[in-house]
Amino acid sequence: MQPPGSLPIYVQITELLVRDIAAGRLIDGEKLRPERDMAEELGIAVGTLRKALAELQNRGLLERIQGSGNYVRAISDPKSVYAMFRLELLGGGGLPTAEILSIDRLPKPDGLPTFGTSEESHRIRRLRRLSGRPAALEEIWLDGSYVETIDPEAVSESLYLFYRTKLSLWIARAEDQIGLDVVPDWAPASFGLRPRAPATHIQRISQDQEGARAEVSRTWLDHTVARYVSRLK
């Protein structure tokens, strides 16, 4: 049984493949491996994989040739709910999932960049996994003007998808600043690094579709599991 708010498995696989196309790990014209091999590696049923491939075909990202195989048809700007997700396993790729740890409406803390119009914001703490491995901690501060309360049960694994479908909020652009920090004290035991241990730190300032700063997020990355990647094409 899937946890509340999780995306259907075939949608997760679709978005994973879209992200691989966007990142250049799958290139135009590339033939995918046989479906049974792909399904076995991903740990899913062949039928689930075929639903994901059918969705890719509907988006114009895949050509399925009877008797030959499945071929990538990359486009310049594939739409993905993980379009701005920059973390991947050290060996590359990895299916992103997220576990909500807490959601609270609080006064904006000192030390964060200026954003939004409200004096309050929603603090969302999450544990991010890549293909099931704990990879990063996130603390997102969403300006309080977009919504009064956030029900944790309504938040999907893709926060940006939740923003779009529930809040009519599109994150149009973001600026990432990378540095070094220590793991926060609220890190769960399942995270690979202990509280106060050194960790790669990413601060993101995100803008909505109108160009206003909508949120500020902080990410602590377990460098033994994952890396931050930004590819120029």
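Does arginine 204 count as buried or exposed, and at what relative accessibility?

A: Arginine 204 counts as buried, at 12% relative accessibility. (Buried is under 20% relative accessible area, exposed over 50%, partly exposed in between; 1.4 Å probe, protein chains only.) The model is predicted, so local features need pLDDT of at least 70 and side-chain atom pairs pLDDT 80 or more, while totals for chains, interfaces and linings use all residues. Numbering runs from 1 along each chain as its sequence is written, and side-chain values use heavy atoms, without hydrogens or water.

Take the direct partner. Arginine 204 and aspartate 176 meet side chain to side chain in a salt bridge, with 2.6 Å from N to O. (A salt bridge puts a side-chain nitrogen of Lys or Arg within 4 Å of a carboxyl oxygen of Asp or Glu.) Arginine 204 sits in strand β8, residues 198–207, and aspartate 176 in strand β7, residues 173–182, so the pair ties together parts that are 28 residues apart in sequence. (Strands are DSSP runs of E, at least two residues; helices are runs of H or I, at least four; numbering starts at the N terminus.) Aspartate 176 is partly exposed, with a relative accessible area of 23%.

Glutamate 175 is partly exposed, and its relative accessible area is 44%. From glutamate 175 to arginine 204 the C-alpha distance is 5.5 Å, although 29 residues separate them in sequence. Glutamate 175 touches Arg204, along with Gln203 and Ile205, leaving aside residues up to four places away in sequence. (Contact means heavy atoms within 4.5 Å.)

A search of the whole structure finds one cavity of 30 Å³ or more. (A cavity is a set of points on a 1 Å grid over the protein atoms alone where a 1.4 Å probe fits but cannot get out; lining residues have an atom within 4 Å of a point. Points join across faces, edges and corners, and volume is the space filled by probe spheres set on them.) The largest cavity holds about 350 Å³. Its lining has 23 residues, and the closest to its centre are Phe85, Arg128, Glu138, Tyr160 and Arg204. Five elements each supply at least two lining residues: β5, β6, α4 (159–167), β8 and β9 (213–221).

The side chain of glutamate 138 forms a salt bridge with that of arginine 126, at 2.8 Å from N to O. Glutamate 138 belongs to strand β6 (residues 133–143) and arginine 126 to strand β5 (residues 120–130); the pair links distant parts of the chain, twelve residues apart. Both glutamate 138 and arginine 126 are buried. In the arginine 204 pair, by contrast, arginine 204 is buried and aspartate 176 is partly exposed.

Step back to the whole set. Side chains of opposite charge can pair when their charged atoms come close. The structure holds 17 salt bridges. One of them joins arginine 73 to glutamate 63, with 2.7 Å between the closest N and O atoms. Arginine 73 is in the loop between β2 (69–72) and β3 (87–89), and glutamate 63 is in strand β1 (residues 62–65), so this pair ties together parts that are ten residues apart in sequence. Arginine 73 is partly exposed at 29% relative accessible area. Glutamate 63 is partly exposed too, at 33%.

Salt bridges also form a network, which links Glu15, Glu55 and Arg59. Glu15 is one of the buried residues of α1; the others are Gln12, Ile13, Thr14, Leu16, Leu17, Val18, Arg19, Asp20 and Ile21. Ten of the 14 residues of α1 are buried, so α1 is largely enclosed by the rest of the structure. The cover over these buried residues includes α2 (35–42), α3 (46–58), β2, β3, β4 (96–107) and β5. After α1 comes glycine 24, whose phi is positive, near 85 degrees.

Back to the starting point. Arginine 204 is buried, its side chain is paired with aspartate 176, it is touched by glutamate 175, and it is among the residues closest to the centre of the largest cavity.

Technical notes: 1 Å grid on protein atoms, 1.4 Å probe; cavity = no way out; pocket = protein on both sides within 12 Å on 5 of 7 lines; lining within 4 Å.
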